[in-house]
Amino acid sequence: AAAGEAEAAVLRRPRVTVLATGDELVPPGRPLPAAGVYESNRLLLAALLRSAGAEVTLGPIVPDAPGAIREAIAKALVDSDVLVTSGGVSVGEEDHVRPAFQAAGGKLECWRIAVKPGKPFAWGRRGSACWFGLPGNPVSAAVTAVLLVAPALRAMQGAGDPLGARWPGRLGERLVNRGDRRHFLRVRRGGDGRWVSAGLQASHGLAALAAAEGLVDVPPGVVYEAGQEVEIIPLV
């Protein structure tokens, strides 16, 4: 208005639906049966994706039944610009999400990436809608959301740098990747301002994820020594 302009061109915030799949999943607040797991990925993902500008709707917890998953996916792809699912994209007997997406008319563009955590990540399209299939382990879901889904949402909104900010940091301890995939290690600031491991670097390590402030990309077979300068990928 101060420049005399009556209108401005903008892009609409993407509408995102987040679904979780799994017979073992139980909403928080209910009694936990034997072999049950409290479902927390939808809340985690919703917070991360809202920070990237999305309008997020929490979809249902869907049982491990191909028909139910297909119906939930088909509905979400009509109601949303982006569907994000958690679980069911690996190679187990109850991993039905990829074939259900294809049965609902989706085209699978990518499945499995050479990163840790998050190898079973999948991506596809149906018409103008996108689907991101995230692993069910909470750390894998969070890391792939930060690295892959959030930048896509920023790009949909016209961001000039959809990857987002990166921070310079100095390590306070040694970080090692003995594997054959890029390992995105969860790190936090130590008392001296240097970056150290946030704790257990496993895909179920929720405590370490909660303590983490960022990620460090350690290539396969690489050792980063204490004192080395690295790039920190913020978690939010």
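**Figure 1. Surroundings of serine 86 in the predicted model**. Beyond the residues within four places in sequence, serine 86 is in contact with Leu19, Ala20, Thr21, Asn41, Leu45, Leu134, Pro135 and Gly136. Serine 86 belongs to strand S5, which spans residues 82-86. With a relative accessibility of 3%, serine 86 counts as buried, because buried residues are those under 20%. The side chain of serine 86 makes a polar contact of 2.8 Å with the side chain of asparagine 41; Asn41 is also listed among the contacts of serine 86 given above.

**Figure 2. The largest nonpolar core and leucine 49**. The largest nonpolar core is made up of 33 residues, and Val16, Leu49, Val84 and Leu134 have the most contacts inside it. Two or more residues of this core come from each of strand S1 (15-21), helix H1 (41-51), S5, strand S9 (129-134) and helix H4 (138-156). Among these elements, H4 gives the most, with 10 residues. Once residues up to four places away in sequence are set aside, leucine 49 touches Val16, Val18, Ala54, Val56, Val84, Val149, Ala150 and Leu153. Val16 and Val84, two of these partners, are also among the residues with the most contacts inside the core.

**Figure 3. The aromatic pair of tryptophan 167 and tryptophan 195**. Three aromatic pairs are found in a search of the whole structure. In the pair of tryptophan 167 and tryptophan 195, the ring centres are 6.1 Å apart and the planes stand at 35°, so the pair is tilted. This pair links distant parts of the chain, 28 residues apart: tryptophan 167 is in strand S10 (residues 167-170) and tryptophan 195 is in strand S13 (residues 195-197). Tryptophan 167 is partly exposed, with a relative accessible area of 31%, whereas tryptophan 195, at 3% relative accessibility, counts as buried.

**Figure 4. Arginine side chains over the ring of tryptophan 111**. Arginine 98 lies over the face of tryptophan 111, at a distance of 3.6 Å from the ring centre. Arginine 112 also lies over the face of tryptophan 111, at 4.5 Å from the ring centre.

Conventions: Residues are numbered from 1 along each chain as its sequence is written. This is a predicted model: local features need pLDDT of at least 70, side-chain atom pairs count only at pLDDT 80 or more; totals for chains, interfaces and linings use all residues. Side-chain values use heavy atoms; hydrogens and water are left out. Helices (H or I, at least four residues) and strands (E, at least two) are DSSP runs, numbered from the N terminus. Buried means under 20% relative accessible area, exposed over 50%, partly exposed in between (1.4 Å probe, protein chains only). A polar contact is a pair of N or O atoms within 3.5 Å; within protein, one must be able to donate a hydrogen and the other to accept it, and residues adjacent in sequence count only if both atoms are side-chain atoms. Contact means heavy atoms within 4.5 Å. A nonpolar core is a set of buried Ala, Val, Leu, Ile, Met, Phe, Trp, Tyr and Cys residues joined through side-chain atoms within 4.5 Å. Rings of Phe, Tyr and Trp (its six-membered ring) pair if their centres lie within 6.5 Å; planes under 30 degrees apart count as stacked, over 60 as edge-to-face and the rest as tilted. A charge sits over a ring if NZ of Lys or CZ of Arg is within 6 Å of the ring centre and within 35 degrees of the ring normal.
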